[in-house]
Amino acid sequence: MSQVVDQQATAPDGEGAFAGLRLRQLTKEFAAFTAVRAIDLDVPTGSFFALLGPSGCGKTTTLRMIAGLETPTSGSIELAGEDITWTKPYRRPVNTVFQSYALFPHLDIFENVAFGLRRRKSSEVDRKVTEMLELVELSNQARKRPAQLSGGQQQRVALARALINEPQVLLLDEPLGALDLKLRRSMQIELKRIQTEVGLTFVHVTHDQEEAMTMADTIAVMNAGVIEQMGAPADLYESPQTTFVANFLGQSNLIEVNIGSRAADFVTADMHGVPVSVPTARTHADGDKAWLGVRPEKVLIGAEGEALEAPGHTVPGGVISDVSFVGVSTQYLVRMPWGQELQVFEQNTGRRSLFRHGDKVELSWRPEYAFLLDHSQDVAAGVDREGSA
């Protein structure tokens, strides 16, 4: 496993304080286990940053340390160059939005949002609350109680109440987890719109890979208390560096291969008798064996002997073992001659009829869509994404 700090987010040593949120060697040990293991993390000011991982990976513990709700065992937390590792939670320029929203049921929406300002005896309560309700598009709901609002509206009230305090960083702990699927997807777009409009730093904890990829500028994929890989969503998806990231962020076919030769541009390998090649830049494997990975939607499928439109590595001898029609695409399982079932996702364009169980097919993919991972890694790591932290 590896820890990667996004180079663009890191201010070089000796060139002044980093303006964003910086974690260095941050560790949290409990009596029976270590929840977070010496992670390094830089979150640039004004970015939408996601901590993504399964239940128990350490992402929520990391968020709680940033908020001051958990005390680190070791390491440091800096914000805008100031060490806040031991600063009391209420003295940190940080606010948190929880999955439960934690709204005051006896106060109307206006007063829920105004609560922090009234405690500080602000002289601009009416103006600021009005502006914030306009931002979250709840102006016409100001005098309703939380129980009269939908889950999505309550989530926006909680967001407005946190934002009105003008924190340097807003922490979001599974904020959409209580919403149904359709509402959750609409709120993903809404959250990103609000973050872009206010320009604040958002740090979002989630176990939902689609949610993280939809909203975040940068994702840190966590596993067993460490950061496996960090980068832009497209970079993580297209070129995962570990089997965990390949399996957890989307789905991957991982096939055992024997490495043949290594050159400046391409690495060649033998895949159960089929010669394949992978760009050297997408190779993260040492030794004579590796896992060749290719995403299901990157695999072309054709009838036995059919000339595929964009041939790459043609793999003959496949037999359809399962067909699942899911609307926008059809998902096939194809049993290969060596006994492994590969996933193939084909978009339903209507250009041809679906394959059926038992049909003989050939597969193909372009070399630049494949990647190589170290054979010492667990090929099933990250496959089970059930649960949340």
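I began with a charged cluster: Glu-137, Glu-190, Arg-193 and Glu-197 are linked in a network of salt bridges. I count a salt bridge when a side-chain nitrogen of Lys or Arg is within 4 Å of a carboxyl oxygen of Asp or Glu. Side chains of opposite charge can pair when their charged atoms come close.

**Ground rules.** I am reading a predicted model, where local features need pLDDT of at least 70, side-chain atom pairs count only at pLDDT 80 or more, and totals for chains, interfaces and linings use all residues. Residues are numbered from 1 along each chain as its sequence is written, and side-chain values use heavy atoms, with hydrogens and water left out. For helices (H or I, at least four residues) and strands (E, at least two) I take DSSP runs, numbered from the N terminus.

**Salt bridges.** How many salt bridges does the rule give? The count comes to 19.

I took Asp-108 and Arg-143 to begin with. Their closest N and O atoms are 2.8 Å apart. Asp-108 sits in the loop between β6 (94-98) and α2 (109-119), and Arg-143 in the loop between α3 (125-135) and α4, so the pair ties together parts that are 35 residues apart in sequence. Buried or exposed? I use buried for under 20% relative accessible area, exposed for over 50%, and partly exposed for in between (1.4 Å probe, protein chains only). Asp-108 counts as buried, at 14% relative accessibility. Arg-143 is exposed, with a relative accessible area of 56%.

Next I checked Asp-208 with Arg-184. In this salt bridge the closest N and O atoms are 3.8 Å apart. Asp-208 belongs to the loop between β8 (201-206) and α6 (209-215), and Arg-184 to helix α5, so parts that are 24 residues apart in sequence are tied together by the pair. Arg-184 is buried, with a relative accessible area of 18%.

Then I turned to Glu-210 and Arg-185. Their side chains meet in a salt bridge at 3.1 Å, N to O. Glu-210 lies in helix α6 and Arg-185 in helix α5, so this pair ties together parts that are 25 residues apart in sequence. Glu-210 is partly exposed at 35% relative accessibility. Arg-185 is partly exposed too, with a relative accessible area of 40%.

**Helix α4 against α5.** I traced helix α4 (residues 151-163) and helix α5 (residues 181-198). Their axes come within 11 Å and cross at roughly 20°. That makes α4 roughly parallel to α5. My axes are lines fitted to C-alpha atoms, for helices over the stretch in contact, with angles from 0 to 180 degrees between N-to-C directions. Angles under 35 degrees count as roughly parallel, over 145 as roughly antiparallel, 65 to 115 as roughly perpendicular and the rest as oblique.

The crossing of α4 past α5 is right-handed; that is, the near helix is turned clockwise from the far one by less than a right angle. Which residues make the contact (heavy atoms within 4.5 Å)? From α4 come Gly-151, Gly-152, Gln-155, Arg-156, Leu-159 and Leu-163, and from α5 Leu-183, Met-187, Glu-190, Leu-191 and Ile-194. I sorted them into six nonpolar, three polar and two charged. Here Ala, Val, Leu, Ile, Met, Phe, Trp, Tyr, Cys and Pro count as nonpolar, Asp, Glu, Lys and Arg as charged, and the others, Gly among them, as polar.

**Helix α2 against α4.** The axes of α2 and α4 come within 7 Å and cross at roughly 30°. The two helices are therefore roughly parallel to each other. I noted a right-handed crossing for α2 and α4 as well. Ile-109, Asn-112 and Val-113 of α2 meet Val-157, Ala-160 and Arg-161 of α4. These contact residues divide into four nonpolar, one polar and one charged.

Eight of the nine residues of helix α1 (residues 59-67) are buried. Among them are Thr-61 and Met-65. After α1 comes Gly-68, with a positive phi near 90°.

I found Lys-28 in strand β1 (residues 21-29). Lys-28 is buried, with a relative accessible area of 10%. Not counting residues up to four places away in sequence, Lys-28 touches Thr-61, Met-65 and Glu-70, among others.

**Asn-165.** My last stop was the loop between α4 and β7 (169-173), where Asn-165 has its place. Asn-165 is partly exposed, with a relative accessible area of 23%. Asn-165 and Val-94 are 71 residues apart in sequence and 9.0 Å apart in space, C-alpha to C-alpha. Leaving aside neighbours within four places in sequence, Asn-165 is in contact with Asn-95, Gly-116, Leu-117 and Arg-120.

Note on methods
Contact means heavy atoms within 4.5 Å.
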